[in-house]
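Subject: Structure handover

Hi,

Here is the structure for your next look. Please open it alongside this note; my findings follow below.

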Amino acid sequence: MSTTTLDADIAAAPAPVAEREVVPAAAAPAPKRPRAPSRERTFGTKVAGQPAFVLHSYPYKETSLIIDLFTRDFGRVALIAKGAKRPHSQLRGVLQTFQPLSSSWVGKSELRTLTDAEWVGGMLPLEKTALLCGFYLNELLVKLLARDDAHPALFDHYVATLNQLAHNEPAPIVLRKFERALLKETGVSADLTRCTETRRAVQADVVYVVDPERGPRPERASDPWPRVAGKTLLDMEREDYQDSATQSQSKQLMRFLLAHHLGGAPLNTRQILIDLSQL
(Lines give C-alpha, C1' and ligand atoms only; values in the text may rest on other atoms or scores of the structure.)
Protein backbone atom coordinates (compact mmCIF):
# COMPACT_ATOMS: atom_id res chain seq x y z
CA MET A 1 0.00 0.00 0.00
CA SER A 2 1.50 3.34 -1.05
CA THR A 3 2.09 5.94 1.63
CA THR A 4 2.64 9.71 1.76
CA THR A 5 5.68 10.99 3.66
CA LEU A 6 5.47 14.45 5.13
CA ASP A 7 8.79 16.31 5.37
CA ALA A 8 8.65 18.55 8.39
CA ASP A 9 11.99 20.20 7.57
CA ILE A 10 11.08 21.88 4.26
CA ALA A 11 8.56 24.35 5.65
CA ALA A 12 9.68 27.99 5.18
CA ALA A 13 10.95 29.75 8.28
CA PRO A 14 8.98 32.86 9.36
CA ALA A 15 10.38 36.27 8.37
CA PRO A 16 12.25 38.14 11.16
CA VAL A 17 10.28 40.75 13.00
CA ALA A 18 11.59 44.36 13.10
CA GLU A 19 12.83 45.50 16.48
CA ARG A 20 9.94 47.95 17.06
CA GLU A 21 7.30 46.21 15.08
CA VAL A 22 4.19 45.41 17.06
CA VAL A 23 2.49 42.13 16.28
CA PRO A 24 -1.30 42.51 16.27
CA ALA A 25 -2.93 40.79 19.20
CA ALA A 26 -5.47 39.14 16.91
CA ALA A 27 -2.87 37.47 14.75
CA ALA A 28 -3.70 33.78 14.24
CA PRO A 29 -1.14 31.25 15.46
CA ALA A 30 0.79 29.31 12.87
CA PRO A 31 -1.02 26.09 11.90
CA LYS A 32 0.39 22.89 13.33
CA ARG A 33 2.11 20.66 10.85
CA PRO A 34 0.71 17.14 10.65
CA ARG A 35 2.97 14.40 11.94
CA ALA A 36 4.65 12.12 9.49
CA PRO A 37 3.17 8.64 9.70
CA SER A 38 5.37 6.17 11.54
CA ARG A 39 7.34 3.62 9.53
CA GLU A 40 5.79 0.93 11.66
CA ARG A 41 2.36 1.58 10.18
CA THR A 42 3.29 2.38 6.63
CA PHE A 43 5.54 -0.55 5.80
CA GLY A 44 3.60 -3.75 5.12
CA THR A 45 4.48 -7.35 5.86
CA LYS A 46 4.50 -10.22 3.41
CA VAL A 47 3.93 -13.84 4.40
CA ALA A 48 4.23 -16.67 1.88
CA GLY A 49 3.53 -20.39 1.97
CA GLN A 50 2.04 -20.49 5.47
CA PRO A 51 0.20 -23.73 6.46
CA ALA A 52 -3.38 -22.81 7.27
CA PHE A 53 -7.03 -23.83 7.58
CA VAL A 54 -10.14 -21.73 7.05
CA LEU A 55 -12.09 -21.47 10.31
CA HIS A 56 -14.88 -19.19 9.13
CA SER A 57 -15.74 -16.84 6.27
CA TYR A 58 -18.43 -14.30 5.48
CA PRO A 59 -19.26 -12.02 2.53
CA TYR A 60 -17.49 -8.71 2.11
CA LYS A 61 -18.92 -6.24 -0.41
CA GLU A 62 -20.16 -7.79 -3.66
CA THR A 63 -17.37 -10.13 -4.74
CA SER A 64 -15.06 -10.66 -1.77
CA LEU A 65 -14.86 -12.59 1.50
CA ILE A 66 -13.41 -11.97 4.91
CA ILE A 67 -11.87 -15.20 6.18
CA ASP A 68 -10.69 -16.27 9.60
CA LEU A 69 -7.57 -18.35 8.99
CA PHE A 70 -5.86 -20.58 11.55
CA THR A 71 -2.17 -20.62 10.65
CA ARG A 72 0.70 -22.58 12.12
CA ASP A 73 3.15 -19.73 12.80
CA PHE A 74 0.87 -16.68 13.09
CA GLY A 75 -2.18 -18.07 14.88
CA ARG A 76 -5.60 -16.79 13.93
CA VAL A 77 -5.51 -14.05 11.28
CA ALA A 78 -8.26 -12.12 9.48
CA LEU A 79 -7.84 -11.67 5.72
CA ILE A 80 -9.74 -10.10 2.84
CA ALA A 81 -10.00 -12.51 -0.07
CA LYS A 82 -10.64 -10.09 -2.91
CA GLY A 83 -12.85 -11.39 -5.70
CA ALA A 84 -13.22 -14.82 -4.05
CA LYS A 85 -16.96 -14.89 -4.78
CA ARG A 86 -16.54 -14.37 -8.52
CA PRO A 87 -17.51 -17.45 -10.58
CA HIS A 88 -14.07 -17.87 -12.15
CA SER A 89 -11.95 -16.92 -9.12
CA GLN A 90 -9.16 -19.37 -8.36
CA LEU A 91 -9.90 -18.87 -4.66
CA ARG A 92 -13.57 -19.81 -4.92
CA GLY A 93 -13.06 -23.55 -4.66
CA VAL A 94 -9.99 -23.42 -2.45
CA LEU A 95 -11.20 -21.53 0.62
CA GLN A 96 -13.09 -24.44 2.15
CA THR A 97 -13.08 -25.54 5.79
CA PHE A 98 -11.02 -28.55 6.88
CA GLN A 99 -8.83 -28.40 3.77
CA PRO A 100 -5.09 -27.90 4.37
CA LEU A 101 -3.85 -24.81 2.56
CA SER A 102 -0.64 -23.03 1.74
CA SER A 103 -1.53 -19.36 2.18
CA SER A 104 0.12 -16.02 1.44
CA TRP A 105 -0.88 -12.49 2.42
CA VAL A 106 0.29 -8.90 2.74
CA GLY A 107 -0.43 -6.16 5.24
CA LYS A 108 0.30 -5.26 8.82
CA SER A 109 -3.07 -4.04 10.05
CA GLU A 110 -5.51 -6.33 11.81
CA LEU A 111 -7.26 -7.03 8.50
CA ARG A 112 -4.75 -8.11 5.84
CA THR A 113 -5.10 -9.07 2.19
CA LEU A 114 -4.90 -12.66 0.98
CA THR A 115 -2.69 -12.89 -2.11
CA ASP A 116 -2.67 -16.63 -2.71
CA ALA A 117 -4.06 -19.89 -1.36
CA GLU A 118 -3.33 -23.37 -2.66
CA TRP A 119 -4.87 -26.66 -1.65
CA VAL A 120 -2.23 -28.97 -0.18
CA GLY A 121 -4.22 -32.18 0.12
CA GLY A 122 -3.39 -35.31 2.05
CA MET A 123 -6.43 -35.38 4.36
CA LEU A 124 -9.69 -37.27 4.13
CA PRO A 125 -12.87 -35.16 4.08
CA LEU A 126 -15.08 -35.00 7.17
CA GLU A 127 -18.54 -36.49 6.84
CA LYS A 128 -21.74 -36.70 8.86
CA THR A 129 -21.14 -36.37 12.61
CA ALA A 130 -17.39 -35.90 12.09
CA LEU A 131 -18.17 -32.85 9.95
CA LEU A 132 -20.28 -31.32 12.72
CA CYS A 133 -17.50 -32.05 15.22
CA GLY A 134 -15.11 -30.20 12.92
CA PHE A 135 -17.32 -27.13 12.98
CA TYR A 136 -17.36 -27.39 16.77
CA LEU A 137 -13.56 -27.29 16.82
CA ASN A 138 -13.58 -24.23 14.57
CA GLU A 139 -16.09 -22.42 16.74
CA LEU A 140 -13.94 -23.07 19.81
CA LEU A 141 -10.86 -21.67 18.06
CA VAL A 142 -12.68 -18.56 16.83
CA LYS A 143 -14.08 -17.79 20.28
CA LEU A 144 -11.10 -18.69 22.47
CA LEU A 145 -8.02 -17.76 20.43
CA ALA A 146 -6.85 -14.17 20.33
CA ARG A 147 -5.85 -12.89 16.91
CA ASP A 148 -2.15 -12.97 15.96
CA ASP A 149 -1.24 -15.26 18.85
CA ALA A 150 0.79 -18.17 17.48
CA HIS A 151 0.12 -21.70 18.77
CA PRO A 152 2.09 -24.11 16.56
CA ALA A 153 1.58 -27.06 18.94
CA LEU A 154 -2.19 -26.45 18.95
CA PHE A 155 -2.16 -26.19 15.14
CA ASP A 156 -0.53 -29.63 14.96
CA HIS A 157 -3.06 -30.97 17.45
CA TYR A 158 -5.89 -29.55 15.30
CA VAL A 159 -4.52 -31.37 12.22
CA ALA A 160 -4.24 -34.63 14.19
CA THR A 161 -7.81 -34.18 15.53
CA LEU A 162 -9.24 -33.68 12.04
CA ASN A 163 -7.46 -36.84 10.89
CA GLN A 164 -8.83 -38.80 13.86
CA LEU A 165 -12.37 -37.62 13.15
CA ALA A 166 -11.99 -38.44 9.45
CA HIS A 167 -10.90 -41.98 10.38
CA ASN A 168 -13.99 -42.43 12.58
CA GLU A 169 -12.22 -42.55 15.91
CA PRO A 170 -14.66 -42.09 18.85
CA ALA A 171 -15.75 -38.45 18.65
CA PRO A 172 -16.31 -37.84 22.40
CA ILE A 173 -12.76 -38.96 23.24
CA VAL A 174 -11.22 -37.03 20.33
CA LEU A 175 -13.06 -33.86 21.36
CA ARG A 176 -12.12 -34.17 25.05
CA LYS A 177 -8.45 -34.37 24.13
CA PHE A 178 -8.68 -31.32 21.88
CA GLU A 179 -10.63 -29.26 24.43
CA ARG A 180 -8.00 -30.01 27.06
CA ALA A 181 -5.16 -29.15 24.65
CA LEU A 182 -6.88 -25.89 23.74
CA LEU A 183 -7.20 -24.76 27.37
CA LYS A 184 -3.59 -25.74 28.04
CA GLU A 185 -2.26 -23.88 25.00
CA THR A 186 -4.19 -20.72 25.82
CA GLY A 187 -2.82 -20.76 29.36
CA VAL A 188 -6.10 -21.08 31.26
CA SER A 189 -5.91 -24.74 32.27
CA ALA A 190 -4.75 -25.70 35.73
CA ASP A 191 -2.78 -28.82 36.63
CA LEU A 192 -5.38 -31.51 37.24
CA THR A 193 -2.97 -33.76 39.13
CA ARG A 194 -2.39 -31.49 42.15
CA CYS A 195 -4.83 -30.27 44.82
CA THR A 196 -4.80 -26.47 45.14
CA GLU A 197 -5.51 -26.54 48.89
CA THR A 198 -2.97 -29.09 50.08
CA ARG A 199 -0.53 -28.93 47.14
CA ARG A 200 -0.48 -32.73 47.32
CA ALA A 201 -1.07 -35.08 44.45
CA VAL A 202 -4.72 -35.73 43.54
CA GLN A 203 -5.94 -39.03 45.01
CA ALA A 204 -7.87 -41.38 42.75
CA ASP A 205 -10.46 -42.28 45.43
CA VAL A 206 -11.25 -38.67 46.49
CA VAL A 207 -14.05 -36.60 44.95
CA TYR A 208 -13.05 -33.14 43.74
CA VAL A 209 -14.37 -30.00 42.12
CA VAL A 210 -12.23 -27.92 39.75
CA ASP A 211 -11.96 -24.20 40.35
CA PRO A 212 -11.72 -22.73 36.81
CA GLU A 213 -9.07 -20.25 37.91
CA ARG A 214 -7.04 -22.38 40.33
CA GLY A 215 -7.57 -26.11 39.85
CA PRO A 216 -8.86 -29.15 41.80
CA ARG A 217 -9.79 -29.19 45.46
CA PRO A 218 -11.87 -31.61 47.56
CA GLU A 219 -15.61 -31.15 47.18
CA ARG A 220 -17.78 -29.29 49.70
CA ALA A 221 -21.48 -29.75 50.31
CA SER A 222 -22.20 -26.21 49.07
CA ASP A 223 -20.25 -26.52 45.79
CA PRO A 224 -22.39 -25.83 42.68
CA TRP A 225 -19.63 -27.08 40.35
CA PRO A 226 -19.57 -30.57 38.79
CA ARG A 227 -18.00 -33.24 40.97
CA VAL A 228 -15.34 -35.52 39.52
CA ALA A 229 -13.41 -38.43 40.90
CA GLY A 230 -9.70 -38.03 41.36
CA LYS A 231 -9.29 -40.96 38.97
CA THR A 232 -11.06 -38.96 36.24
CA LEU A 233 -8.66 -36.04 36.69
CA LEU A 234 -5.66 -38.35 36.53
CA ASP A 235 -7.07 -40.11 33.47
CA MET A 236 -7.61 -36.77 31.69
CA GLU A 237 -4.03 -35.72 32.37
CA ARG A 238 -2.87 -39.04 30.85
CA GLU A 239 -5.37 -38.74 27.96
CA ASP A 240 -6.83 -42.08 28.98
CA TYR A 241 -10.59 -42.09 28.36
CA GLN A 242 -11.29 -45.81 28.30
CA ASP A 243 -13.26 -45.78 31.56
CA SER A 244 -16.93 -44.94 31.00
CA ALA A 245 -17.04 -42.91 34.24
CA THR A 246 -14.07 -40.87 33.03
CA GLN A 247 -15.85 -40.20 29.73
CA SER A 248 -19.03 -39.04 31.47
CA GLN A 249 -17.39 -36.91 34.15
CA SER A 250 -14.83 -35.34 31.79
CA LYS A 251 -17.66 -34.30 29.47
CA GLN A 252 -19.44 -32.45 32.27
CA LEU A 253 -16.19 -30.94 33.55
CA MET A 254 -15.05 -29.66 30.15
CA ARG A 255 -18.50 -28.25 29.44
CA PHE A 256 -18.30 -26.31 32.71
CA LEU A 257 -14.71 -25.07 32.18
CA LEU A 258 -15.33 -23.98 28.59
CA ALA A 259 -18.49 -22.10 29.60
CA HIS A 260 -16.48 -20.25 32.24
CA HIS A 261 -13.66 -19.24 29.90
CA LEU A 262 -16.12 -18.28 27.16
CA GLY A 263 -17.85 -15.92 29.60
CA GLY A 264 -21.15 -17.68 29.05
CA ALA A 265 -21.13 -17.25 25.27
CA PRO A 266 -23.07 -20.14 23.74
CA LEU A 267 -21.51 -22.69 21.41
CA ASN A 268 -24.02 -23.31 18.66
CA THR A 269 -22.39 -26.41 17.22
CA ARG A 270 -22.04 -28.11 20.60
CA GLN A 271 -25.74 -27.64 21.28
CA ILE A 272 -26.52 -29.40 18.01
CA LEU A 273 -24.17 -32.24 18.96
CA ILE A 274 -25.80 -32.51 22.38
CA ASP A 275 -29.20 -32.69 20.73
CA LEU A 276 -27.89 -35.54 18.60
CA SER A 277 -26.51 -37.28 21.73
CA GLN A 278 -23.03 -37.30 20.24
CA LEU A 279 -21.17 -35.00 22.63
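**Helix packing around α2**

Helices α2 and α3 cross in a right-handed sense. Keep in mind that this is a predicted model. The axes of α2 and α3 come within 10 Å, at a crossing angle of roughly 165 degrees. That angle is over 145 degrees, so α2 runs roughly antiparallel to α3.

Which residues make this contact? On the α2 side they are A130, C133, G134, L137, N138 and L141. On the α3 side they are L154, Y158, T161, L162 and L165. By class, the contact of α2 with α3 has 8 nonpolar residues, 3 polar ones and no charged ones.

Helix α2 (residues 128–144) also packs with α4 (residues 171–185). Here the angle is about 10 degrees, and the axes lie 11 Å apart. This makes α2 roughly parallel to α4, because the angle is under 35 degrees. The crossing of α2 and α4 is right-handed.

From α2, the contact with α4 uses C133, Y136, L137, L140, L141 and L144. From α4, it uses A171, L175, F178, E179 and L182. The class count for α2 with α4 is 10 nonpolar, no polar and 1 charged.

Most residues other than glycine have a negative phi. Two residues here have a positive one.

- F98 has phi near 65 degrees. This residue sits in the loop between β3 (75–81) and β4 (101–106).
- D148 has phi near 60 degrees. This residue sits in the loop between α2 and α3 (152–166).

Are these two side by side in burial class, or on opposite sides of the cut-off? F98 is buried, with a relative accessible area of 5%, because buried means under 20%. D148 is partly exposed, with a relative accessible area of 39%.

**The chain overall**

The protein chain has 7 helices and 8 strands. Of its 279 residues, 38% count as buried. The chain exposes about 16,500 Å². Carbon and sulfur atoms supply 52% of that area. Among contacts with a separation of 6 or more, 55% join residues 24 or more positions apart.

Best wishes

Note on methods. Residues are numbered from 1 along each chain as its sequence is written. This is a predicted model: local features need pLDDT of at least 70, side-chain atom pairs count only at pLDDT 80 or more; totals for chains, interfaces and linings use all residues. Side-chain values use heavy atoms; hydrogens and water are left out. Axes are lines fitted to C-alpha atoms, for helices over the stretch in contact, and angles run from 0 to 180 degrees between N-to-C directions. Helices (H or I, at least four residues) and strands (E, at least two) are DSSP runs, numbered from the N terminus. Angles under 35 degrees count as roughly parallel, over 145 as roughly antiparallel, 65 to 115 as roughly perpendicular and the rest as oblique. A crossing is left-handed if the near helix is turned anticlockwise from the far one by less than a right angle, and right-handed if clockwise. Contact means heavy atoms within 4.5 Å. Ala, Val, Leu, Ile, Met, Phe, Trp, Tyr, Cys and Pro count as nonpolar, Asp, Glu, Lys and Arg as charged, and the others, Gly among them, as polar. Buried means under 20% relative accessible area, exposed over 50%, partly exposed in between (1.4 Å probe, protein chains only). Accessible areas come from the Shrake-Rupley method with a 1.4 Å probe; for residues, only the protein chains shown count as cover.
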